[in-house]
Amino acid sequence: MTFLEFLLLLLVLYYVGYVLLWILLDCNVALWYKSRFGVSLSSMRGQVVWITGASSGIGRALANSLAKHGVKLVLSARRAEQLEQVKEECLAAARGLLATKDVLVIPMDMLDVDEHKVHLNTVLNHFHRLDILVNNAGRSQRASWTEIEIKVDRELFELDVFSVVHLSRLVVRYFVEQNGGRGHIAATSSIAGFSPVPFSATYCAAKHALNAYLLSLKVEMRKLDISIFAPGPIATDFLQEAFTGSQGGKVGLSTANQKRMTAQRCGDLFAVALANKMDLTWCGLFPVNVLAYCARNPTLTKILAQFMTEKTLNKIREGKL
């Protein structure tokens, strides 16, 4: 074997191994590596993390994961009663690392942007600092492209994009004034934010827009840490509240008995991404992770499109394949 042939063999083995990791792992390779060998979550002990949409699903799981390591929390969502339940869960998970005052509950409606500054002041008056804002609040969608009313497009963008941008701007200004621009803004995006899926056009567009807003912010402010966390199908109750194509409509379906990653596994991976200040990460059960990697490569995306119909993609997205 010549030296050139040996190099080619190594190259082939490298790519074969990498593809096998795509298949075997439930997140991108960099996130998996950091979960094993990266910065420990214990390094975040004492930091203050504000999580919106914390009353259920990914936000709730993330809060529990961070609480186990002594991270002080601000929990926000519309449902005050559920937030109190999450607070109790977090205090129990902390096993003495957190006192009652270390978990602050702030009921809030993300769409009420005039109150964002008031809520931020509440956080700062209580903790006298804020280290990370996690924009997790939002709603998904299930609707045919041609059936979506323009009012639904606007409502979804108001919640999933503009309210997030507004709150983030207030927090970034705080980081600039207090820390010289150092701070951490994170958001729950979606694999649909860089790999469009069928029957969720407005949602896909909103997540693309959110990603662009945050990446633009990173270009302007290099000292600021930006984390975009993009889950695939997760076992939460998000379909209950998901938009349809008609104004006021809700999907109202359960994700039970579907092939989806658990919310807690998702929350644990999100916590790793925060601790390691990772810019773009994603997670999902096979074959979602493979599709996410393919979506990052235009050539692979074109090849994949030749073999997968919209019905197949929808089955994968709904955890039915």
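## First stop: His69

Start by selecting His69, which counts as partly exposed because its relative accessibility is 27% (buried means under 20% relative accessible area, exposed over 50%, and partly exposed in between, with a 1.4 Å probe and protein chains only). Before going on, note that this is a predicted model, where local features need pLDDT of at least 70, side-chain atom pairs count only at pLDDT 80 or more, and totals for chains, interfaces and linings use all residues. Residues are numbered from 1 along each chain as its sequence is written, and side-chain values use heavy atoms, with hydrogens and water left out.

His69 sits in the loop between helix 3 and strand 2 (72-77); helices (H or I, at least four residues) and strands (E, at least two) are DSSP runs, numbered from the N terminus. Which residues touch His69, leaving aside its neighbours within four places in sequence? Show Leu41, Ser42, Arg45 and Leu97, with contact meaning heavy atoms within 4.5 Å.

## Into helix 3

Next, pick Asn64, in helix 3 (residues 57-67). Is Asn64 buried or exposed? Its 10% relative accessibility makes Asn64 buried. Setting aside neighbours within four places in sequence, Asn64 is in contact with Glu89, Cys90, Ala93 and Gln264.

## Two crossing helices

Select helix 2 (residues 29-37) and helix 9 (residues 263-275): their axes come within 9 Å and cross at roughly 80°. Axes here are lines fitted to C-alpha atoms, for helices over the stretch in contact, and angles run from 0 to 180 degrees between N-to-C directions. Helix 2 and helix 9 are therefore roughly perpendicular (65 to 115 degrees; under 35 is roughly parallel, over 145 roughly antiparallel and the rest oblique). Color Leu31, Lys34 and Ser35 on helix 2, then Leu269, Val272 and Ala273 on helix 9, to see the contact.

## A pocket and a cavity

For the second largest pocket, select Gln47, Asp131, Ile132, His184 and Lys277, which lie nearest its centre among 18 lining residues. This pocket holds about 260 Å³ of space. On a 1 Å grid over the protein atoms alone, a pocket is an open set of points with protein on both sides within 12 Å along at least five of seven lines, a cavity is a set where a 1.4 Å probe fits but cannot get out, and lining residues have an atom within 4 Å of a point. A volume is the space filled by probe spheres set on the points, which are joined across faces, edges and corners. Helix 6 gives the most to the pocket lining, with three residues.

How many cavities of 30 Å³ or more does a search of the whole structure find? There is one. The largest cavity has about 50 Å³ of space, and its lining includes Pro233, Met261, Phe286 and Pro287.

Pro287 is in the loop between strand 9 (280-283) and helix 10 (288-295).

Most residues other than glycine have a negative phi, and most peptide bonds are trans. Select His128 next, where phi is positive, near 65°; His128 is exposed, with a relative accessible area of 65%. Finish at Asn257, where phi is also positive, near 65°, and which counts as exposed at 85% relative accessibility.
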